[in-house]
Amino acid sequence: MEPTFYPTEETLTAGERKVLEYVERIENGEDQNLLFKHLGISFKEGIEKLLAERTKEKTKKAEEKKVEEIREKLSASKQEKSIDLSGMPILPSKWSFLITEPELLEEMWTFAIPVDEEEHEKLKAWKARGIAYAKEYAKNNNVLTLEATEGTSEEMGDTEALLSPERIVEKEIILPDIERLQKSTAIGDLNGSYKSFIDHLTYKNLIATDQNGNSVWTGGNERVVFIGDILGDRSPEGMSIYEKVQELQNQAKMQGGDIEWISGNHENMFNAVLCGFSTEQGKPVAEDMTYRLSGYAGNLELFQLLPFENKKELYADITNNREQVFGLEFQKDIQKKKRILDTIRNNPEYLPSVVEAYERAYEDMLDKQSSLDTFCRLVENNNYEEAKKILFTFIDTLSKKYQDQIGNTIIANRSGIKEHINNDQKHALFKEAFLNQKLLTLHDDSLYTHTSLTPRMVGIIKEFSKDTSLKEGVEKINTFYQKVLRMYLENDNPESLLTKQEIQYFNLLRDEFISTSSYSRVNFSESNSISDEEKESLKTFLKDSGINIVLHGHTDENGELKGFADLPIVSIDRSVYKNEGANIEKTVAYASISTDGIVALPK
């Protein structure tokens, strides 16, 4: 059977039939130069184009056949027996060209640790199976096959365009023509990166640097919505972002603008650690805290709020055991990364973006080592205030032993941390920002959430909007959420001050809107938890409420469109670029909506 792109005899024009005839003659061994001798330029180009298409298709099929043979050979692997990976590709598409480089593939193929422990095990099993395939594949292939990836020079241009804000290519969605009060910009998951926070607002011309070097609001009456995952993530800068975003919100409101921020699943972790509740209903708090304080560097930020007496033991332990602080494999990993980097540098078979990503990873490890040396020197000189600042440049690299030690110290001194936040004026901006978190927001015809919608989420919105408008229903959800957050932050025994129903509602809202490992995280189209009749009722509710677009973060699908109920549902998440080779600190993920309904987002 011919590949689908080949035209059939019935659809060919006379000229196309002639082109196909020459292609088949060349494929059967005739000399191409002799055949081209008396042909016109356009005719030659047509033959060369079809030859290239057929060659590419044959190569692709040959690669697929090899991979399938390996899949069959290794199908009885331990990982595939214990965990169902049937729906997973052999490798992530972004690293498929490294199938003949298993050592490099193993280094580059990383993933964020998901909240759901079962999902984490599945990702690990997927990687283990992929590395096994790559090792087997490499035995039978001596040459790196770039045909296995679609990394053409044209696509390279697109990737490079994403690296520089000046070259961002945008696509547009046109919404119905209604009156919109102000321009709005949604910004995706920052993952705790203060630099990315500033870069986004600068790129959208919403802030500028004043004569004192401070970032100040210049966006006039525009509105910004950060759609979650600022706190409690993989960089200990979330609290600094919260302080600055609150300062900027105060400035924006004076100009008729506004900034809002939505809780994400990582805010839920941070809030739980600070306030002492579990991230999910039914999970014991002590067990939950241990998990949330190991591997999530943003949650460890709270350590900086403790007095030195609570840190003295840790500081001494790190200084006296600096060779073990990052784990015994750290030095080996540095040497391994350098060896691989020396191999792929100046090698045209590797995309420049891959080399750049690997150089950053290697330099980051050297920076961590340098920061540790500086920290130890400061401690030895009794300069504890500066040492505290340096600690947070490498806290995310500490071995599990030290992260657990910090986590246990935070849990044991939670009351003292809350007291600092509540009573120390230097934490006033953070406290205000913390209490301004929302679960969702609505402006004009645009609904903003952290995760994609589920039927239960819409059902809750509908319930809160009963006998009132949708906007008032959304405000009621946020007001209730903020009220309970305040109770937990300002009291050591908040549950004695809340009714049983209030606690249940608070847990329900977190489970549905931001606890992404909850059983409720089911997409509309896949949910079997409610009847088809109820689904249609919820779809009708969305339409009748005047919503024309839904924007959310959380998922690595930056700028993807997913239609539901005739609505564009747009995912905005900068973490789509993790490990893609693009410099994540230079990458923006946003969607701007003009007053005339034009939605612009990175293409």
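Modeller: Buried residues make up 50% of the 603 residues in the chain, where buried means under 20% relative accessible area, exposed means over 50%, and partly exposed lies in between, with a 1.4 Å probe and protein chains only. This is a predicted model, in which local features need pLDDT of at least 70 and side-chain atom pairs count only at pLDDT 80 or more, while totals for chains, interfaces and linings use all residues. Residues are numbered from 1 along each chain as its sequence is written, and side-chain values use heavy atoms, with hydrogens and water left out.

In soluble globular proteins, nonpolar side chains tend to be buried together. A nonpolar core is a set of buried Ala, Val, Leu, Ile, Met, Phe, Trp, Tyr and Cys residues joined through side-chain atoms within 4.5 Å. The largest such core here has 117 residues, and of these F226 and I318 touch the most other members. Helix 14 gives the most to this core, with 11 residues; helices (H or I, at least four residues) and strands (E, at least two) are DSSP runs, numbered from the N terminus. Apart from this core lies another, of 16 residues, among them I549, V570, I572 and V599.

If we look closely at F226 and leave aside residues up to four places away in sequence, F226 touches I187, L190, F197, L201, V245, I259, E260, W261 and I262, a contact being heavy atoms within 4.5 Å. Over the chain, of the contacts with a separation of 6 or more, 72% are between residues 24 or more positions apart.

N382 has a positive phi of about 60 degrees although it is not a glycine, and with a relative accessible area of 53% N382 is exposed. Most residues other than glycine have a negative phi. The place of N205 is in the loop between helix 8 (194–203) and strand 3 (207–209), and N205 counts as exposed because its relative accessibility is 58%.
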